[in-house]
Amino acid sequence: MMPVTTSQALQRESWDGDTPASGRLLQPGVDVTHGQILYLDDISVSFDGFRALNRLSLSIGVGELRCIIGPNGAGKTTMMDVITGKTRADSGSAFFGQTINLAQHSEAEIAQLGIGRKFQKPTVFEAMTVQENLELALAGPRSVWASLRARLSGQQRDRIDELLTLIRLGEQRARQAGLLSHGQKQWLEIGMLLAQEPQLLLLDEPVAGMTDAETEKTAELLLTLKGRHSLMVVEHDMDFIASIAGKVTVLAEGAVLAEGSLQQVQADERVIEVYLGR
Amino acid sequence: MQTALSLRLATRLGPQPLKLAGGAALAVLLAMPALHLWTDPASSLHVSAYTLTLVGKILCYAIVALAMDLVWGYTGLLSLGHGLFFALGGYGMGMYLMRAIGHDGNYQSDLPDFMVFLDWKTLPWFWQGSEHLAWALCLAVGVPGLLALVFGWLAFRSRIKGVYFSIMTQALTYAAMLLFFRNETGFGGNNGFTDFKRILGYGIAAPGTRATLFLLTVLLLVAALAAGFWLVNSKFGRILTAIRDAESRLMFCGYNPLYYKLFIWVASAMLCGLAGALYVPQVGIINPGEMSPANSIEIAIWVAVGGRGSLIGPVLGAGFINAAKSWFTVAFPEYWLFFLGGLFIATTLFLPRGLLGLLRRHKEKA
């Protein structure tokens with residue numbers, strides 16, 4: 001388990017520090033001149049007649065931290081699948097910045113373009129050590145040839161140290177990732193996302209299975225990332241959302257039901273009906 | 001009980017003794033051709049032609065097991081058609097050996113005997129140039145490589161995985177076997193290629209030739225182990241295990257698994273082809289039986305019994321099972337398949353990490 005009792009203040013400081021390197025919002029290739037990093041326009045996806053997404057339209061601003069909530073089956077995970085290229089939309093369009101049509105790219109290409117994704121179930125490479133997990137995720141060339149010749153540079157080592165401090169797994173760096181606790185795996189996966197240096201992070205239930213203390217730490221971490229990265233967080237934990245959210249989008253039956261601050265959507269009668277009231 | 005036993009063994013035999021054992025095994029293997037050539041046949045130190053050929057054959061199998069483990073143990077692609085690549089390599093070399101017979105065949109023709117027998121007038125286009133050993137070796141490595149490239153490209157691009165992939169590889173080797181069994185396809189039908197006489201002008205059964213082929217096989221195995229060691233310890237190797245354990249995570253890290261799978265798949269097929277090319281002159285025959293689905297399944301058993309996901313495991317497995325086989329099929333021929341099946345079940349149940357798991361210190365302990 002996490003050493004939460006000791007030197008908490010110290011670790012908190014490292015989170016608040018300058019570690020999640022800044023300046024990643026303006027990578028070449030992504031045109032964000034209109035202040036939006038992601039546009040979903042009129043997207044529909046059906047599986048065997050079931051409409052998982054029904055003319056969904058949504059946009060995320062640069063540096064925004066957006067929370068997505070909604071009952072099970074509302075299409076939250078399908079939406080992430082469409083953005084990351086795992087599922088193709090039947091109709092509608094998804095753009096990264098002003099110019100990149102996500103429908104034209106594979107999962108791997110979309111990841112390289114700068115969209116990172118954390119899965120609902122924490123997914124790390126269990127047979128490798130914590131450090132090796134981060135090494136694989138580090139931004140850099142992805143070709144077979146490059147992987148055969150890869151050597152870790154001093155700069156990359158520093159970056160890994162930085163990330164290990166950030167996700168508080170410094171002491172576990174040589175440990176096999178499969179032996180970490182559930183919460184630690186969640187953090188490792190978030191660390192791997194950051195190692196990719198994405199502009200947009202999609203986090204599917206990042207605090208599921210975490211203790212209250214771990215949840216609190218994660219909220220702090222996400223708040224430090226906000227502004228430097230754009231984030232889209234799917235969660236069910238309302239307290240967690242209350243602690244991080246600016247703007248909340250409520251999905252229901254594959255479309256946006258309501259959008260606004262948490263207080264606003266919680267007061268919305270349609271939202272109460274489909275989700276919160278249950 | 002099984003854990004206790006393996007733990008006790010593991011504490012007694014650390015990695016150091018394993019290295020020593022490996023070194024000793026290599027020394028014995030290197031000494032064998034010398035003992036075959038330069039000792040008196042009556043002496044107890046003499047290595048007979050039979051023993052030398054048998055061990056040489058098993059070493060070829062060990063190379064195949066190693067190649068199989070790179071795609072199965074490390075990358076998680078269970079191929080049930082690796083025997084095909086091995087046999088194709090064997091056929092490439094076999095045709096050179098047929099051509100090297102020259103006019104000494106039964107029909108004293110330019111063409112190999114089976115072609116005269118089937119009333120062929122000219123050599124089919126694909127066998128042109130096979131009288132040169134260098135070209136035959138290119139065929140032995142290139143044809144399995146090319147086939148693996150085309151098959152792998154189609155399969156991996158369509159994201160065929162798991163049992164579906166295994167079944168397709170099995171079907172592939174079966175289809176190839178049927179093709180090679182036919183007389184009109186130019187591969188010698190069910191007799192295949194045999195009755196070899198010489199290689200590069202040297203008698204195929206001469207002690208010097210046998211010793212040289214044996215030595216080359218040992219060198220190829222050592223080279224394959226060294227290359228495998230370098231490969232699996234590189235970043236490339238870690239990406240292979242990432243494909244095995246969490247392929248979608250890897251894709252969302254920005255890696256396209258297609259090229260990684262294709263690279264290791266083709267490399268594995270080419271290594272099998274080379275092993276086949278060394279196998280045929282030592283054993284003296286190649287026929288479509290090598291492509292039978294059962295042979296390919298046996299390769300998977302060698303790897304499982306030896307311990308997949310390690311480099312030494314499959315070599316041990318191939319050695320152990322084939323040594324047992326050559327003894328069993330003489331002593332109790334009708335029970336061999338029962339023994340093999342029982343061994344496979346026992347390994348799956350009690351030794352998930354194979355024989356090597358018994359010998360190795362458990363990593364989790366540390």
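Let's start inside chain A. The buried residues of helix H2(A) are A:Lys76, A:Thr78, A:Met79, A:Met80, A:Asp81, A:Val82 and A:Ile83. Keep in mind that this is a predicted model.

Why is H2 of chain A described as largely enclosed by the rest of the structure? Because 7 of its 8 residues, in the stretch 76-83, are buried. Buried here means 20 or more other C-beta atoms within 10 Å of the residue's own.

Now step just past the helix. There you find A:Gly85, with a positive phi of about 85 degrees.

Next, the sheet. Chain A has an open sheet of 4 strands, in the order E2-E1-E4-E5, and the pairing is antiparallel. Its edges are strand E2, residues 50-61, and strand E5, residues 100-101. Each of those pairs on one side only.

Look at E1 and E4 of chain A. E1 covers residues 36-47, E4 covers 91-96, and 5 bridges join them in the antiparallel sense. One to find on screen: A:Leu40 has A:Ala94 in E4(A) as its bridge partner.

So where does H2(A) pack? On this sheet, touching E1, E2 and E4 of chain A. The direction of H2(A) makes about 65 degrees with that of E2(A).

Last, the contact between chains. Chain A puts in 22 residues, and chain B puts in 19. On chain A's side, the elements giving two or more residues are helices H3 (107-113), H4 (130-137) and H5 (144-149). H3(A) gives the most, with 4 residues. By class, chain A's side has 11 nonpolar, 6 polar and 5 charged residues.

Conventions: Residues numbered from 1 in each chain as written. Chains lettered and ligands numbered in written order. Predicted model: local features only at pLDDT ≥ 70, side-chain atom pairs only at ≥ 80, totals over all residues. Buried ≥ 20, exposed ≤ 12 C-beta atoms within 10 Å, placed from the backbone. Pairing = 2+ DSSP bridges. Contact = placed C-beta atoms within 7 Å. Axes fitted to C-alpha atoms, helices over the stretch in contact; angles between N-to-C directions. Nonpolar A, V, L, I, M, F, W, Y, C, P; charged D, E, K, R; others polar.
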